[in-house]
Amino acid sequence: MQTIYLDHAATSFPKPHEVAEAMTRYVETVGATINRSIYGAALEAELTTLALREQLCRLFGLDDPSCVILTAGATMALNQAISGFLHPGDHVLVSGMEHNAVMRPLLRLPDVSCTRVPCDRTGKLELSALPALVQPNTRLFVLSHASNVCGTLQDAAAVGAFCQSHGIAFVLDGAQTAGHLDLDFGALGLSALAVPGHKGLLGPQGIGALLLTRDFAAQLTPLIAGGTGSASDAEDMPPFLPDRLEAGTPNLPGIYGWQAALTVLEQQGIRNRRARETALTRRFLDGLATIPAVSLVGTRDLDARVGVIAVDFHRLDNADASDRLATEYGVLTRCGLHCAPAAHRTLGTFPRGVVRFSLGYTTTEAEIDAALDAIRAVSAG
Ligand SMILES: Cc1ncc(COP(=O)(O)O)c(C=O)c1O
């Protein structure tokens, strides 16, 4: 049976072959770590790491590679931004669509309060609600740029402008938009952007980044302290970036793989990727609209969404539908609550969940059509 991979929101697959090649080359022929030694292989690793930081700067409109903090993923980047910034007594705004990578680090902080800005039934943030929700101690807004459940895109520029005019730091969770659409750090008024390497940015698992303004970075307490290879005469963390926020030997195979992935992504072009994924989403939504026993959860507006599509099956349990799609038709999706109970509550799909179909740049029209045929067959009961 042919397999149709529609789980790109979980992780992109397949990766460009350059990713595995670069990782293999690092492990088999380079081997050295960065910031520690001065022989040739170590300097090569250093340059590859710098190239990766520079690519991330180009992609997201930042001009200082030392403000790119390499992390183990978006979750760690969000933990660093949230736990490293907030103090007891602070108040935080989030949307009603957040992933647990935001909510769990936030809600465990002692004496930090949090208000969820309401979203409509498609998951769109109600911007008009914002002014009334700001408190004198509101220091941070954390926002998921696009929902990992239904793909709804938020107006991050409007939120950024609001935060700037109220002196509130703004952290964007770019897990579902990085690599999928143009995302400009300055234009969105960000204080920080968290991105995973392994989703739309096509890299391997276990690596991600936190991109920061200098001002926001200066207010962060490092999440992890330890050796950096720099300022080794001191027993506190170095004062300079990125070292202050990057303790321990980094994930060098991941750095090589991600650097190669971003080279491919730059060649593809972010606008081409967005145009292709939008066309595929249109095809999927048009087809879905002709199938009676399912409904779309989220918006139809292609400009206000990414290719993460939530489907509710009327005649059978959504988990059973996801299982049948995989076992009978080879269509790979994700069911359940997608680590985002808050989003499902907002969308009215808690606790039953939805079947999430998420496409990528390498998805084909034929795969979309085959997935639609499978949905038609399974949804008939
Ligand atoms: C919206 C959102 N935020 C954060 C994350 C966390 O990313 P990672 O698991 O790669 O750290 C995910 C992953 O699914 C996500 O979809």
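Where does Leu 202 lie? In this predicted model, Leu 202 is found in the loop between β7 (192-196) and β8 (208-212). The report returns to this residue after an outline of the whole protein.

## Overall make-up

The protein contains twelve helices and twelve strands. Its C-alpha atoms fill a box of roughly 70 × 55 × 30 Å, taken along the principal axes. A compact globule of 381 residues would have a radius of gyration near 21 Å, and the protein agrees with this because its own value is 21 Å.

Of the 381 residues, 57% count as buried. Among contacts between residues at least 6 apart in sequence, 67% join residues at least 24 apart.

## Surface and charge

The protein exposes about 15,000 Å², and carbon and sulfur atoms supply 54% of that area. There are 29 positive and 38 negative side chains. The centres of these two sets lie 6 Å apart.

## Nonpolar cores

The largest nonpolar core has 87 residues. Within this core, the members that touch the most others are Leu 56, Phe 60, Phe 141, Leu 211, Phe 216 and Trp 258. Helix α8 gives the largest share of the core, with eight residues. Another core, of 26 residues, lies apart from the largest one. Leu 316, Ala 321, Leu 359 and Ile 375 are among the residues of this other core.

Which residues does Trp 258 touch, not counting those up to four places away in sequence? Its contacts include Leu 52, Leu 56 and Leu 70. Also among them are Val 195, Pro 196, Gly 197, Leu 201, Gly 203 and Pro 204. Ile 207, Gly 208 and Ala 209 are touched by Trp 258 as well.

## Helix α4

Helix α4 spans residues 100-107 and is mostly covered, with six of its eight residues buried. The buried residues are Asn 100, Ala 101, Val 102, Met 103, Pro 105 and Leu 106.

What do these buried residues of α4 pack against? Their helix partners are α3 (74-85) and α11. Their strand partners are β3 (91-95), β4 (113-117), β5 (138-144) and β6 (169-173).

## Positive phi angles

Most residues other than glycine have a negative phi, and most peptide bonds are trans. Leu 202 is not a glycine, yet its phi is positive, at about 70°. Is Leu 202 buried or exposed? Leu 202 has a relative accessible area of 8%, so it is buried, the cut-off being under 20%.

Asn 35 is another residue other than glycine with a positive phi, near 70°. Asn 35 sits in the loop between α1 (17-30) and α2 (40-60). Asn 35 counts as partly exposed because its relative accessible area is 27%, which falls between the limits of 20% and 50%.

## Cis peptide bonds

Leu 241 and Pro 242 are joined by a cis peptide bond, with omega about 0°. Pro 242 belongs to the loop between α7 (214-218) and α8 (252-268).

Pro 351 is placed in the loop between α11 (341-347) and β12 (355-358). Helix α11 is also one of the elements that the buried residues of α4 pack against.

Conventions: Residues are numbered from 1 along each chain as its sequence is written. This is a predicted model: local features need pLDDT of at least 70, side-chain atom pairs count only at pLDDT 80 or more; totals for chains, interfaces and linings use all residues. Side-chain values use heavy atoms; hydrogens and water are left out. Helices (H or I, at least four residues) and strands (E, at least two) are DSSP runs, numbered from the N terminus. Buried means under 20% relative accessible area, exposed over 50%, partly exposed in between (1.4 Å probe, protein chains only). A nonpolar core is a set of buried Ala, Val, Leu, Ile, Met, Phe, Trp, Tyr and Cys residues joined through side-chain atoms within 4.5 Å. Contact means heavy atoms within 4.5 Å. The radius of gyration is taken over C-alpha atoms; the globule rule is 2.2 Å times the number of residues to the power 0.38. Accessible areas come from the Shrake-Rupley method with a 1.4 Å probe; for residues, only the protein chains shown count as cover. Lys and Arg count as positive and Asp and Glu as negative; His and the chain ends are not counted. The place of a charge is taken as NZ of Lys, CZ of Arg, CG of Asp or CD of Glu.
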